Amino acid sequence: MTRNKSLIFFAALAAACLFSLAAGPAGWSSADIIINLRLPRTLAALAVGAGLGLAGALFQGVLKNPLSDPYILGTSSGATAAAVFCFLAGIERTSPVFFLAVFAGAFGATFLSYWLARLAGRLSDAALVLAGVAVSAFLSALVMLTLTSARERSFSLFYFVLGGLYSVQPGVLIASSLIILAAGAVAMARWRALDAMALGSENAYHLGVDPERERILFFALACAATSAAVAIGGTIGFVGLMTPHIIRRMTGPSARVLVPAAALGGAALLTAADAAGRSFFSPSEIPAGVVMALAGAPFFMWLLWKSSRGKN
Amino acid sequence: MPVLKVTGLTFSYGPRPLIQGLSFELRSGDFMCVLGPNGSGKSTLLKLLTGFMKASSGSVKLGGKEAALIEPGRLARLAAYVASETSTPYDFSVRETVLLGRTARAGFWRGYRAEDGAAAGLAMEETGITALAERSINTLSTGERQLVFIAQALAQEAGLLLLDEPTSHLDLKYKAEIMALLARLGRRGLAVAAVLHEPALARLGCNKALLLNGGGAYSFGAESEMLSPERLAAAYGLPIDSPLLP
């Protein structure tokens, strides 16, 4: 990335943070609101966005598929389903068991989508998206079933499932941020393997990369980042899909710069989306997940249209 | 010591063997073409040689060591492979793509060193794509992209170069250019094996030929001997006076 582009990039991140700190009916008037309400929320949006942006870049690279992201592959649904079951089982959101369960849900759902897509023989972009949709739909139905049968607690769970960044517990925020940082660091330490995988597993193998091993490793890293993001903010889609596409235009496709830049870009994108949800429809609030879907779904359609014309 | 030594290699997709008891060896400087009708196992053979696919029995030795026991990083320093077509949705530049040929030498983490840049530069020069270095590989013609992946394989600095139909989808000029390049690499001391679709191309520099007849039957030997009209006619199921035979 050139120096000018880096400047624009960090300026966008700073602007998103300022927007988020200022967004709301009270504006800049109360320091108390800014420090106690908006600052934790801004930090939560940054962490969730970074986790999802990172996961998107890893999935898109290791699968050589520009349509993949944790939402579309079912990773987020798997994590959300596991989180909802943990809530109902009374497992604390700060306990390691909760994080392990959410990770297991994410990893299980992702591998199920991948395995289903592979059943068709050659792994095609479309088969992967279809398998992800099937897995997501099933898991979402399970979550809805659980929500309707657990009435007394379902209101807060409903907001969690929609994807929102309210009332973040500091313990969860710190644990998730550390997981996302660690996943990002390990991924950056293997950037060249990810680049080789982006040329396809056959090419990667002959360049000296073990494709099976790297696939499991990068799935695990992406699932760790996604589950940490879901633990804070529930199901938020399209951050992981959109961010790498936008960032690639600035940095090029190499994971060496793309991976950290996608994490920062995802952080900026979600922070801005959450702030927009709080300010544009004030005094009512739109969950960040809904704002992202409003922006992301048309983006996904555009990507489909572009890939159907064979010029991604 | 041969660069590649294959003994009793056997492989099947179903109950009928595709490759059976195949044995041959390549030495430094050999340029071998692999010929045979569709479905005779030419492409499969190359993937068996690098271990990308597993043979049911037999042995493949690279530089004297059993290929199945060599870990991927080391394997990539012994043998390089160019697929018939490699595509990616991402706009990697030609230079980035060729530099990825250094993966096995540079590892996954560190940046590229001067020696990596030099190897990639030399590979691009050898394949005549230096002028394309900053272009996205997705903006190139099929022939140019083929050259990029040959350059990537050369940057690996392996002693054995395997190519799966490097000339398919290309016009005659590109076919001749790529064959001349491979012959030049052979003279420089590499062992080269290329799957070819057209027997006539083997006349452009090959010294060895492997003829797969399908169902496991094969013959291996000097190019001049293997490319006799009788053998080719039998392998491809053509009349001996067919104008398609060289």
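A: A salt bridge pairs a side-chain nitrogen of Lys or Arg with a carboxyl oxygen of Asp or Glu within 4 Å. The model considered here is predicted.

Q: Which residues form a salt bridge, and how far apart are the closest N and O atoms?

A: A:Glu202 pairs with B:Lys47, and their closest N and O atoms are 3.7 Å apart. Between chain A and chain B the count is one salt bridge.

Q: How many residue pairs are in polar contact between chain A and chain B?

A: The count is 16 residue pairs, with both residues at pLDDT 80 or more. On chain A, at least two residues of the side touching chain B come from each of helices H2 (31-62), H8 (191-198), H9 (201-206) and H10 (211-233). H8(A) gives the most, with six residues. By class, that side of chain A comprises 12 nonpolar, nine polar and 10 charged residues.

Q: How much area do chain A and chain B bury between them?

A: Interface size is often expressed as the accessible area lost when the parts come together. Here chain A and chain B bury about 2,700 Å², 62% of it on carbon and sulfur atoms. In terms of contacts, 31 residues of chain A meet 34 residues of chain B.

Q: Where does A:Phe238 lie, and is A:Phe238 buried or exposed?

A: A:Phe238 belongs to the loop between H10 and helix H11 (239-251) of chain A. Its phi is near 75°, a positive value in a residue other than glycine. With a relative accessible area of 9%, A:Phe238 falls under the 20% cut-off and is therefore buried.

Definitions and conventions:
Residues numbered from 1 in each chain as written. Chains lettered and ligands numbered in written order. Predicted model: local features only at pLDDT ≥ 70, side-chain atom pairs only at ≥ 80, totals over all residues. Heavy atoms only, no water. Contact = heavy atoms within 4.5 Å. Buried area = accessible area lost by both parts, 1.4 Å probe. Polar contact = N/O pair within 3.5 Å; in protein donor to acceptor, adjacent residues only side chain to side chain. Helix = DSSP H or I, 4+ residues; strand = E, 2+ residues; numbered from the N terminus. Nonpolar A, V, L, I, M, F, W, Y, C, P; charged D, E, K, R; others polar. Buried < 20%, exposed > 50% of the residue type's maximum accessible area, 1.4 Å probe, protein only.
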